[in-house]
Amino acid sequence: MGLREDLERYREVGEKRRQDLAEFIQYGDLGRSDEIHIPIKIVSLPGFAYDRLDKGGVGQGQGGTPEPGDPVGKPQPQPGDGEDGEAGEESGDHEYYEMDPEEFAQELDEELGLDLEPKGKRVETEEEGDLTDRTRTGPDSTLDVERLFKQGLKRKLAMEFDEGYVRELLRVEGISPGEAFRYARTNHIPVSKAWIDDAFEAIPDDERGRWSSIEEMEENVESEPLSQRIRREGIGHIPFRREDERYRYPEVVRKPQHNVVVVNIRDVSGSMREDKRELVERTFTPLDWYLTGKYDTAEFVYIAHDATAWEVEREEFFGIRSGGGTKISSAYELAAEILEERYPWREWNRYVFAAGDSENSSNDTEERVIPLMGEIEANLHAYVETQPSGSAINATHAEEVERRLGDRENVAVTYVSGPDDITNAIYEILSTEDEP
C-alpha cells in the first residue's frame with residue numbers, strides 16, 4: 001500500500017468518527033453518566049512495509065505461497081461476511097472510542113462548524129510557580145543572592161573615594177579637618193568626618209604644609225577616577241547589610257477564569273410522554289458535555305416542573321417520569337432565585353435551557369414566562385419544543401416566546417420532532433449566544 005493510499009485511509013477514519021459522533025447524538029445510548037463512549041466500527045489502521053522484491057508476489061496461495069492465477073490483494077473473509085457475496089448473519093465487531101468533554105467539544109465544533117469562545121468574567125486569585133515577588137523574611141534557600149550582591153555593590157561604589165587625594169588635601173598648610181571635610185563635600189567626595197579626623201592625626205609632622213594652598217595642591221595632584229582605580233585594584237570586598245536581604249516567594253496573580261453555570265429546565269407534566277422525554281434528554285446531554293469541555297469551571301443546575309418547580313440532581317433529571325399539570329413560569333421563578341443566590345451575573349456566564357412540549361397553562365407564557373426571561377440576565381436563553389407529531393393544538397409556548405423575544409441576540413427557540421432534528425437544534429442554540 002502506498003503512502004497516498006495510507007493517508008487517504010487515515011482521513012477516512014477521522015471522517016467516519018465524526019459521522020459516528022453525529023449518529024450517536026441522534027440515536028445512541030446516552031446513558032446517565034458524564035462519560036462519553038462513541039461506538040465505532042473496528043478499523044484496521046494502515047501500516048507501512050517495505051516491498052520485498054526478492055520474495056515473489058503478494059498473492060496468497062496454500063501455506064502462504066502464491067499460486068499462478070491467484071488474484072493479488074484478495075481480502076480475507078471477516079466475521080459477518082457471507083460466502084460468495086451473500087449477506088452474513090454474524091454481527092460485526094464494534095468498540096467504543098472514549099472522549100473527554102474537551103475532545104467532544106472540539107469534535108462537535110468541527111461537525112457543526114462552530115467554535116464557541118468561552119467568556120471570562122470571574123477573577124480568581126491563584127499562586128503561580130515563579131518566584132517573582134520579594135519579602136524581608138523567609139528561608140535561606142529563597143534568599144535573592146543576586147539582589148543582595150547588587151545592593152552591596154551599589155553601596156560600595158557610592159562610598160568609594162580617592163583616599164590618596166584626600167590625604168594630600170590634609171597636607172595643605174594650615175588646613176583643619178573641618179575645612180577638609182567641607183571641601184570634600186563641596187566636591188562630592190563621599191568621605192566621612194571620622195575618616196578625615198583619623199587620617200589627619202596620621203599625617204607625619206614633617207609632611208604637614210607640603211602645599212601652600214589648596215589651589216597649589218589641585219594643580220599638582222590629580223584625583224584618580226573610580227573606574228580606573230577599580231580596573232587597577234579590583235572590587236575588593238562587598239559590604240553586605242541585613243537591610244539588603246530579600247527573600248523570593250511565588251507571585252500571586254489574578255487571572256480570568258472561564259466559568260459557566262447552566263440551568264437545565266424540563267417539563268415533567270402529564271403530557272410529556274416517553275418519546276418527548278427522550279428528545280429532551282438527547283438535546284440537553286450533548287449541550288452539557290459541550291459546555292463542560294469549553295469552560296474551565298462548569299456547574300449545572302437541574303430544575304423539573306409540572307405546575308410547580310423543584311431542583312433535582314442530574315441522575316434524577318435525566319430519568320424523571322411525568323405527571324401533573326403545567327406551569328412553566330414556576331421553573332423560571334426558581335431559576336431566578338438560584339442564580340441570584342449562588343451565581344451572580346457579574347461573576348458567572350449563565351445559560352438557561354428549557355425544554356418541553358410547548359403546552360402551558362392559560363396566559364402563563366404571556367404574563368409570567370416572557371417577563372421572567374427578560375429579567376434573568378444570561379448569555380443565552382433557549383427553549384426546545386419536543387413534539388414528535390410536529391404540532392399540537394395547545395402547544396403554543398415556543399411560538400409565543402419566538403414571536404415576542406425571537407429578535408433578541410440572546411434568545412433561541414428550536415423545534416425537535418425527531419432525532420434527526422437534534423444536531424440542528426444544538427447548532428441553533430450554540431450559535432445564538434450573546435456577549436455578556
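Axes are lines fitted to C-alpha atoms, for helices over the stretch in contact, and angles between N-to-C directions run from 0 to 180 degrees. In this predicted model, helix α2 (residues 101–112) and helix α9 (residues 274–294) pack with their axes 7 Å apart and at an angle of about 110°. Angles of 65 to 115 degrees count as roughly perpendicular, and α2 and α9 are therefore roughly perpendicular to each other. On the α2 side, the contact is made by P101, E102, F104, A105, L108 and D109, which meet P286, W289, Y290, T292, G293 and K294 of α9. Sorted by class, this contact of α2 with α9 comprises seven nonpolar, two polar and three charged residues.

The sheet considered next is open and consists of six strands in the order β9-β8-β7-β10-β11-β12, with mixed pairing. Its edges are formed by β9 (309–312) and β12 (411–416), each of which pairs on one side only. Neighbouring strands of the sheet are turned against each other by 20° on average, when direction is ignored. Within the sheet order, strand β10 (residues 349–356) pairs with strand β11 (residues 380–386) in the parallel sense over six bridges, and the bridge partner of A354 in β11 is Y383.

Helix α9, which also packs with α2, packs on this sheet, where α9 touches β7 (259–267), β8 (297–305), β10, β11 and β12, and the direction of α9 makes about 180° with that of β7. Helix α14 (residues 422–430) likewise packs on the sheet, touching β10, β11 and β12, and the direction of α14 makes about 175° with that of β12.

Conventions
Residues numbered from 1 in each chain as written. Predicted model: local features only at pLDDT ≥ 70, side-chain atom pairs only at ≥ 80, totals over all residues. Heavy atoms only, no water. Helix = DSSP H or I, 4+ residues; strand = E, 2+ residues; numbered from the N terminus. Parallel < 35°, antiparallel > 145°, perpendicular 65-115°, else oblique. Contact = heavy atoms within 4.5 Å. Nonpolar A, V, L, I, M, F, W, Y, C, P; charged D, E, K, R; others polar. Pairing = 2+ DSSP bridges.
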